[in-house]
Amino acid sequence: METLHKILNYIKEKELYPEMKTVCTAPSAVVEIEKKKMHMFCTNNYLNLATHPKVIEASVLATKKYGTGAGGSRLISGTNQMHVALEKEISILKGREDTLVFSSGYLANIGAISAIANPLLGVAREISKEFMRSLDNETIVFSDELNHASIIDACKIAKVPCIQYNHTDMSDLKKKLLYYKTKRKIIVTDGVFSMDGDIAPLPDIVELAKEFHSLTIVDDAHGTGILGENGGGTAEYFNLKGEIDLEVGTLNKVFGGVGGFVSGNKEICELLRVTSRPYIFSAAMPPGNAAGLVEAVKIVKDEPALRIKLFENIDYFQKILNKNQLSETVSSTPIIPIIIGDENLTVKLSNQLFEKGFFVPAIRWPAVPKGEARFRVTLMTDHTKDQMDAFVETLNTLCINENVLVK
Ligand SMILES: Cc1ncc(COP(=O)(O)O)c(C=O)c1O
């Protein structure tokens, strides 16, 4: 206990312990926190689907019909028709043969990556040594250095070597693939990077994967539902539908519920259903949540106006940011980083913004590297021009007062 006490004190002394605000209303562009009306610029409910009347109605009706919980894991008694319907809808959106849904995006990554990198983890005790020896040799995972924590954790669980390549650096990836030429290989990347909002160079990754006979896994947590003509995600955006071996995603951001998914071809999904441990050993998501998600996935396809308005907001926000020298880069996703650098200064600015009615927490280590603290602004369909103008004007004034030069 003494060790734990010391570590906690250290974190607090270094002012690294995060302050969590309690939101008392739905995740919309305006929320209530500490009895104050706040303009929120930090939710992943990009298309406002968490509050879409059709999503809420479907979720409430299914909860009344099926109860609050699934009552078991998928392989025993937990598979409800709403899970099956959700897997079908996601397969249609992604243009894939099959899909598995998990209780979270984190678990989807753990389940997919560990099972594909080390398929014997789940079945090792059942198979003969002779069969084991007949399988491919050691697997190496090649992972972008800015991939999400769940990918890093999945590689640890898989107990296979994970080689990081420099962020979106294809010549570095190629060099490393070449070095491990004779091994079984998997390239894993976020589709849209969660803290920077940039898009992975999937065409180059697919080309390298073909050249080096590597499997590809894309975590499209922030791309699915947003990018591509029909919201199919980063693969669709690059005209690469069906070219990625496994596409992973979350259902808690764009789709406004909770859960994760893995989509791919029939055979790979069939294998995952019996080797992916979080799918087998964790309860299925509540059917009411699944029903809301079925509706949300349909809305992404049927109501493109929501995405069109979101992209208008992204364009507008980006323009006023650049005009005020608050950003030098241009993001083509709803994630817009404003990099301050210094951790304490970012926290100070975040508190000042809060005082002025804007809710956007400071993002610090360990979510981003030390010295790269930032505001990770996320835009929604519901944000108004007045809100965006007011936010940028306020941040600009605060930065001038504090002599901050945004990176
Ligand atoms: C890129 C990425 N992958 C996976 C996850 C995990 O998803 P979930 O919150 O559904 O567990 C997140 C969420 O922060 C994410 O940003």
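This section describes helix packing, cysteine sulfurs and local backbone features in a predicted model.

Residues are numbered from 1 along each chain as its sequence is written, and side-chain values use heavy atoms, with hydrogens and water left out. Because the model is predicted, local features need pLDDT of at least 70 and side-chain atom pairs count only at pLDDT 80 or more, while totals for chains, interfaces and linings use all residues.

Two packed helices are described by the angle between their axes and the distance between the axes. Axes are lines fitted to C-alpha atoms, for helices over the stretch in contact, with angles from 0 to 180 degrees between N-to-C directions; helices (H or I, at least four residues) and strands (E, at least two) are DSSP runs numbered from the N terminus. The axes of helix 4 (residues 81-94) and helix 14 (residues 287-302) come within 8 Å and cross at roughly 20°. Helix 4 and helix 14 are therefore roughly parallel to each other (angles under 35 degrees count as roughly parallel, over 145 as roughly antiparallel, 65 to 115 as roughly perpendicular and the rest as oblique). Their crossing is left-handed, a term for a near helix turned anticlockwise from the far one by less than a right angle, clockwise being right-handed. Contact (heavy atoms within 4.5 Å) involves M82, H83, A85, L86, E89, I90, I92 and L93 of helix 4, and P287, A290, A291, L293, V294, V297, K298, V300 and K301 of helix 14. These residues comprise 13 nonpolar, one polar and three charged, where Ala, Val, Leu, Ile, Met, Phe, Trp, Tyr, Cys and Pro count as nonpolar, Asp, Glu, Lys and Arg as charged, and the others, Gly among them, as polar.

Helix 16 (residues 343-355) and helix 17 (residues 385-401) pack at an angle of about 135°, with their axes 10 Å apart. That angle makes helix 16 oblique to helix 17, and the crossing of helix 16 and helix 17 is right-handed. The contact is formed by L349, Q352 and L353 of helix 16 together with F391, T394, L395, L398 and C399 of helix 17; six of these residues are nonpolar, two polar and none charged.

G231 lies in the loop between strand 7 (214-219) and helix 11. The C-alpha atoms of G231 and L93 are 7.4 Å apart, although 138 residues separate them along the chain. With a relative accessible area of 0%, G231 is buried (buried means under 20% relative accessible area, exposed over 50%, partly exposed in between; 1.4 Å probe, protein chains only).

A search of the whole structure finds zero disulfides, a disulfide being a pair of cysteine sulfur atoms within 2.5 Å. For C24, the nearest cysteine sulfur, that of C42, is 14 Å away; C24 is exposed at 52% relative accessibility. The sulfur of C162 lies 3.7 Å from that of C155, its closest cysteine sulfur, too far for a bond, and C162 is partly exposed at 31%.

Most residues other than glycine have a negative phi, and most peptide bonds are trans. K159, not a glycine, has a positive phi of about 55° and is located in the loop between helix 8 (149-158) and strand 5 (162-165), where K159 is exposed at 69% relative accessibility. N239 likewise has a positive phi, near 60°; N239 occurs in the loop between helix 11 (234-237) and strand 8 (246-250) and is exposed at 72%. A cis peptide bond, with omega about 10°, joins W365 and P366, and P366 is placed in the loop between strand 12 (362-363) and strand 13 (373-378).
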